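This report walks through selected features of the structure shown below, beginning with a packed pair of helices and ending with a single helix and its surroundings.

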Amino acid sequence: MDCSERNRPSRNRLTRIDSLVGVIRGLFVCLVVALGAFTDYVAAAEAKDAGLMFKSRDGEPLRAPTLMTEVDIAVTGIIARVRVRQKFYNPTDAWQEGIYVFPLPEQSAVDHMRMKIGVRIVEGQIKEREAARATYESAKQEGRKAALIEQERPNIFTNNVAHIGPNEEVEVQIEYQQKVQSDQGTFRLRFPMVVGSRYIPGTPGETVATGTGWAPDTNAVPDASRITPPVVDRARGDSNPVTIRVDLNAGAALASVGSPYHKINAVKNGDTGYRVSLADGPVPANKDFELVWTPAVERAAKTVVFTETFAGADYALLMVMPPAAQQAAARHIARDAIFIIDTSGSMEGTSIAQAKQALLMALDRLTPDDAFNIVQFNSVTDVLFNSSVTASAANIAKARDYVKALRATGGTEMAPALTAALNNSDNQRVLRQVIFLTDGAVGNEAQLFELIKARLGDSRLFTVGIGSAPNTYFMSKAAQLGRGTYTYIGKVDEVKEKMTRLFTKLESPVVSNLRVTWPADAEAEMWPRQIPDLYLGEPLFVTAKLRKLAGTVLLEGQIGAETWRAEVSTQLASAESGINVLWARDEIESLSDAMRGSKGEDNKQAITDLALHHHLVSKYTSMVAVDVTKTLPNDALTQTSAMPTNLPEGWNYEAVFGTLPQTATSAREQLLLGLLLLAIATLWLLRRPART
Amino acid sequence: MRAYTGSYLAAARGRVLGLLLLAAGAWQFGGGIYIYTKAGLAQHLLKAAWDKTRIDGSATKPWPWADTAPLARLTLPAYGVDLLVLEGSSGRSLAFGPGHITGTALPGERGNSVISAHRDTHFTFLRDVRYGDELSIENARGEVRRYRVTGIAITDKSNLAVLRGTGAARLTLVTCYPFNAISAVGPLRYVVTAERLEGAGAI
């Protein structure tokens, strides 16, 4: 409020009384605001002295360790090797245990961890999850430093670091391998920086929380407290600075290198290489980093084969780009397009703007032959039409009005919306395409995957990830189970380009009935076990474990009405390290998928064996590093701190979390104002007779 | 004459102005008094509803148009505090009594039960509460649970860790901070937590 504005008296005598009261009220409000601001300021200053806005039992300040992350990415063709250094610094007087819940790409294969204390380095060992946890806990008991990396989801990990001394830094290095994403001639690599706050459905149980997050464990998400790290409101400033460096060797001359969400410097390095760094130094960990590069058209490789020999077996990674479909696809196929739009609290801010614009674009793209419907959901699900309607001008107009009026608030009860959109239909005449716009900010992924698997029928599910830190694991797995494809939109500027690409895919014939035939004596164990249909511009990625790799691999498939055949000679293969790890990670995914829907954990042993053999972190195996000597003094104060994380960029804190209730009345303000007015009135009335 | 009329009129206007100011002052002052009266009086009306609830065990509305009902009774004999806690923590509930935040454990039950109230009416006493103070909660079945204060903290209104569930039986009392601020809107909250004393059964 502008106080000076309210104080200016009106010159009109008729409104003098009004304005006088107004002036007094204005003055008063200014006074109250000033007083209020002052008391709040004093209180805030007091609270700030108490560390993270909390006083401990004995009044001693509690403060948390800080975290700095350095990421080094080396890209070789279609694979990336990434080293993440998490530097925990303890500015407090107590010995700290830092617990950091952080994201990694969902396809990352974490195969190395080491703890660095000063100049000493302790290598991490892979162990079964419970054994690793026990090793960590006993080291902690003995006063030795230790670090433990556990996997909560394919894209969420927890790092525990015990006994960081006062004013000490402990660095944990995590390394992983991953495949690079490729689509329509461009290559992408994402590095997620923050676990966006997840909505946790279900009822809280009465058990003690298994983690340190803000959500209680529920029947729908039994590990909710492990995937919901504390979040600091943007108003308090950003924390967790991240530095990223990429050594890009695409293997071909590039037409372009860029990063859509961060400013970067890309300096040429050799003939086809680039060195990429953040242009403005470290950035807060509050949105995904993405590097995008496009090879010059004529240089783009159509086939890439990488191999490695590990522990007596051969491993291969194969990428093949099918030819673009013939123009024969001109015949338009009628579609039934069901749009699901997430209007939950986490979408509030820039995300809902992106989603609405994307949906409006999609509506424009429909032709009168098509049918469509819209489903929106937050805590409740709302369906625009009772059943799909033709895309007539009138229906489209109605839908546009509906979309424009959408607002984001409330919970993310996704299951009823998916149930409404996926009806197990089996209709050969029309293509039923479900387009799902969401940030995927939910903790009950497993439940939703089962639902998609059970109800998909003949539909295809296309996920469109919205916002600065989408749940990429949910998006990609949901699309895979839904036999569709996923698209990410990170900012409003991208809506048009990304949605156009998606529509082109929706309207083009797929490469179907794909088969890969390995030489007879290779005894190949291949991933994926069932090759999915490929949409326009998508390459085929295959990893395999083989007894011996030699000879020729035969690929066959159907593009529209045409048959496509290709032969890949393994003579082309180039040796590369870490291919075994990629295959093992993929195999673990296959084994996990096979368990989906069954109550038991049939493949737990197989996954554990595989992960131990290939030194991989998985849901059943963790990496633990323990210092040899005890460093904790006998009389030391120890404390556990859950490392705070940022709210993803563009999110609205209050829309996600709400606030504690407003707990003061206006009584005091009203009484004071009343007294002031009464006093002035009395003075005024008493003054009058004295003058006559 | 004209001058006289003019000054007479001016005097009359001045008096009207004074009276209007008086009225406005009385209105504001009355409004403030009304808030306190409502807060005090409502507790008496709630008493009748609570007695009925205690008898038949079902939530009873204190007056026909009420959108809330008493849920539990909070007492701190040391401070002369005896309050009926209402369902929900909307502004309308809080005008009449402390409100139980929906979704947190029920008062007296295992888990974290969170109750909020205005710092300038029902929860003014919280500023005097100290570690170790005892309080009790009586539920609709007449069971009384005793608690001991184990934590006092000032936090931001966005800090929802305050609402987080727990395996223990905890009572969390929330009000605005600072207590003597004039303005009703502020970002800080005063949080008192109390843990249940085991072995305290029904009276």
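## Packing of two helices

Angles between axes that are over 145 degrees count as roughly antiparallel. In this predicted model, helix α4 (residues 350-365) of chain A packs with helix α5 (residues 393-404) of chain A at an angle of about 175°, and their axes lie 10 Å apart. The two helices, α4(A) and α5(A), are therefore roughly antiparallel to each other.

On the α4(A) side the contact is formed by A:K356, A:L359, A:L360 and A:L363, which meet A:I396, A:A399, A:R400 and A:V403 in α5(A). Divided by class, the residues of this contact of α4(A) with α5(A) comprise 6 nonpolar and 2 charged, with no polar ones.

## Domains of chain A

The assignment divides chain A into domain 1 (3-49 + 661-691), domain 2 (66-195 + 240-296 + 620-630), domain 3 (302-325 + 511-613) and domain 4 (333-507).

Between domain 2 of chain A and domain 3 of chain A, the centres, taken over C-alpha atoms, are separated by 26 Å, and 17 residues of domain 2 of chain A are in contact with 19 residues of domain 3 of chain A. On the side of domain 2 of chain A that touches domain 3 of chain A, the elements giving two or more residues are β2 (79-89), β4 (109-117), β6 (125-128), β9 (169-179) and β10 (181-183) of chain A. That side of domain 2 of chain A has 5 nonpolar, 7 polar and 5 charged residues.

## Contact between the chains

Where the chains meet, 51 residues of chain A are in contact with 56 residues of chain B. Two or more residues of the chain A side that touches chain B are given by each of α2 (16-49), α12 (653-657) and α13 (667-691) of chain A, and α13(A) gives the most, with 16 residues. The residues on this side of chain A divide into 32 nonpolar, 11 polar and 8 charged.

## The surroundings of α11(A)

Within helix α11 (residues 604-613) of chain A, the residues A:I607, A:L610 and A:A611 are buried. Seen down the axis of α11(A), its buried residues fall within an arc of 95°, so they line one face of the helix. The face of α11(A) that is turned away from this buried side carries A:Q605 and A:D609, which are exposed.

The partners against which the buried residues of α11(A) pack are β6, α10 (579-595) and β34 (621-630) of chain A. Just after α11(A), the residue A:H615 takes a positive phi of about 60°.

Technical notes
Residues numbered from 1 in each chain as written. Chains lettered and ligands numbered in written order. Predicted model: local features only at pLDDT ≥ 70, side-chain atom pairs only at ≥ 80, totals over all residues. Axes fitted to C-alpha atoms, helices over the stretch in contact; angles between N-to-C directions. Helix = DSSP H or I, 4+ residues; strand = E, 2+ residues; numbered from the N terminus. Parallel < 35°, antiparallel > 145°, perpendicular 65-115°, else oblique. Contact = placed C-beta atoms within 7 Å. Nonpolar A, V, L, I, M, F, W, Y, C, P; charged D, E, K, R; others polar. Domains from an automatic or database assignment. Buried ≥ 20, exposed ≤ 12 C-beta atoms within 10 Å, placed from the backbone. Arc of directions from axis to C-beta.
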